Every structure is written in C-alpha cells, then in structure tokens.
Amino acid sequence: MTHTTLGATAITVGDITIGTSALGEGTEPGSPEEAQAVADARTLLAGPFPLIDTSNNYGNGRSEAVLGLALAEMGSQATARIATKVDRDGATGAFDRDRVLRSYEESLARLGLDRVGILHFHDPYSVTFAEATGPGGALEGLRELRDSGAVDAIGIAAGPIPLMTRYVETGLFDVVLSHNRYTLVDRSAEALFAEARRRGMGVFNAAPFGAGILAKGSASRASYAYTDASPDLMAWIARAEQVCADHGVPLAAAALHFSLRSELVDSTIVGIASARRLDQLRELRDTVVPDGLWAEIDALGPAPSPLPAQDAADAQPLL
C-alpha cells in the first residue's frame, strides 16, 4: 500500500480509498441482508485500505448505518477511517447552511462517531452556485464546521466539470472529488485536477472503471457513468481490450492503474460492497502493467466519451 499526504492537509491516505455507495443498499434493519452487509463492512474496515468513503444519502442512509453497526462491533479493531459527505434534504431539496449542519449530525449519529476528518459537499444540484456561496448558503456551514474543528478538511464532490471548477475557484475547499471523468475513456477532469494541484488541494479520483464497463469489458454491454455506451465507445473499448491482451493485462487492471499512476491523483476511490470484491481489487492493484501499454492506449486517440457534452449541458448558471 502506497500512502501519501492529501494535498496541503496533514491527512494521510492510501493510493486506494474504498467507496461504499452500494453497501447496505436495500437492506432493512435487523434483516439477514443487513447482517451480511455489516459483515462485509467489518472486512472493509479491517482491510488494507486506510480510508472508507460514504455519504449521507448513499442507500438513503443505509451505507452509513451499516458502517456504524460494524464500527460498534469492532471497536479498536477497525483500522480504516471514515470520510463522508453532506447532502441536500431528500424531501425539500434544501441545501443551505442549516441543512449542511443537520446532514453532518445525521451522518455522525448513524456512524456512531464524534467527528470525521474529511467532509465533502456532495452533488449540489438542487441549489445554484450563487445560493450555495451566498449568505446562509451551504459553504457558510462547511466553513463553520472546519473553522470550529468539527472536521479537518472540506471537499467538493460532484460530476460536471464546469460546476466543479467554479467551486474549486472559490478557494474554500481543501479537497476535490470527481467521478468517471478521469479514466481510460474520459480525461475531462485533467484540467480540474491540475488546478486543484496548483492550489494545494487534495485530489480523489472516483470510479476508475466508469461505473462498470471498464471492469466488465465491451462484451458486457455495460454503461459508462450511468449513460448508455455508444457503439463508437464500445468499439474503442474493444480496441483497448486488445492492447491490454497483447500485454497480458486485464482491461480492469489498466483502468485502475491509469488512475494510480497519475501524479494528479492522491487516492483513487473504488466502490466495493463485498469481501469477494475486495480480494479482486487487491489482485488488480498488484498487477504489473508494462510501461509500453500506455503509449499504445494513447495511440488509439481520444475515446468518444458521452460526458463532456453532458457536463456542458448540466453546468449551472452563476445566478
């Protein structure tokens, strides 16, 4: 395991962080399914990766609840730390200062913790940038939490790059977290990550497998970043698979190592919901990827990702 300091913070992270968006999803309190999810959470918390990433709204709170049950059972045996995210009110869409503070309180209650080190502002799509940054807005609440010592670092975690760039340029955040936009087939977050680096921010790169297709391959007909993969994208991935096969490397290993080898990325977030997947992740991390593979991937030219155009369409107005 490679460790690094997260940007200019004093927080140490591993090269891989475990994401838990699917952990506990659909389980009911006291059910056998919940018991299995808690067992999986115990494995993650005692595993080789030092940080677990969750969110107030993952599984309608079930991710945090399951992690909290596992933490209560394990006590000091849990070696991984928790990072979480504040989220808008699910009923009203409110995402102001008061909602940020309530969201954090809800997360701590589920997790059974007094605090977390890293707290992200997550998917701020229900409010405009002006509302979030204005008086009484969400950023006011985040600043209060950090300034009071309730958290060590605050981050912005979302998708569309134009929106993410606006938040990074506020200078408020310590960390940036982007998903699906710095992978083998989409490098649209490169400038965002470079700007974050210039500002001394830590960088998390999430979903190196594009939420499925770069782990399962072109024959799977899986989507890319929750969007149907076009025939052109499927053809590009098939060519990349052949490059990987020529070097004796699984496509999934190349997809993971693309992020791990980047000087722009402190930690790569990979979603895991079972002990079996954890073993598979270890194998991919330990795979040796020949240097020559990267030049051949680059020679394929840019992949026809669906996301840059979508990001431009999704960018919020300043007001």
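How many residues line the largest pocket, and which lie nearest its centre?

Modeller: This is a predicted model, so local features need pLDDT of at least 70 and side-chain atom pairs pLDDT 80 or more, while totals for chains, interfaces and linings use all residues. Residues are numbered from 1 along each chain, and side-chain values use heavy atoms, without hydrogens or water.

Now the pocket. There are 37 lining residues. Ser21, Ala207, Ala211, Tyr226 and Gly271 lie nearest the centre. A pocket is an open set of points on a 1 Å grid over the protein atoms alone, with protein on both sides within 12 Å along at least five of seven lines; a lining residue has an atom within 4 Å of a point. The space inside is about 960 Å³, counted as that filled by probe spheres set on the points.

Helix 11 (275–286) gives the most to the lining, with four residues. Strands 7 (153–158), 8 (175–179) and 10 (267–271), and helix 8 (213–216), also supply at least two residues each. Helices (H or I, at least four residues) and strands (E, at least two) are DSSP runs, numbered from the N terminus.

The lining has 20 nonpolar, 11 polar and six charged residues. Tyr counts as nonpolar here, and Gly as polar.

What about the nonpolar cores? The largest has 91 residues, and Leu214 and Val176 are among those with the most contacts inside it. Another core lies apart from it, with 13 residues, including Val175 and Ile269. A core joins buried nonpolar residues (under 20% relative accessible area, 1.4 Å probe, protein chains only) through side-chain atoms within 4.5 Å.

Note on methods. 1 Å grid on protein atoms, 1.4 Å probe; cavity = no way out; pocket = protein on both sides within 12 Å on 5 of 7 lines; lining within 4 Å. Buried < 20%, exposed > 50% of the residue type's maximum accessible area, 1.4 Å probe, protein only.
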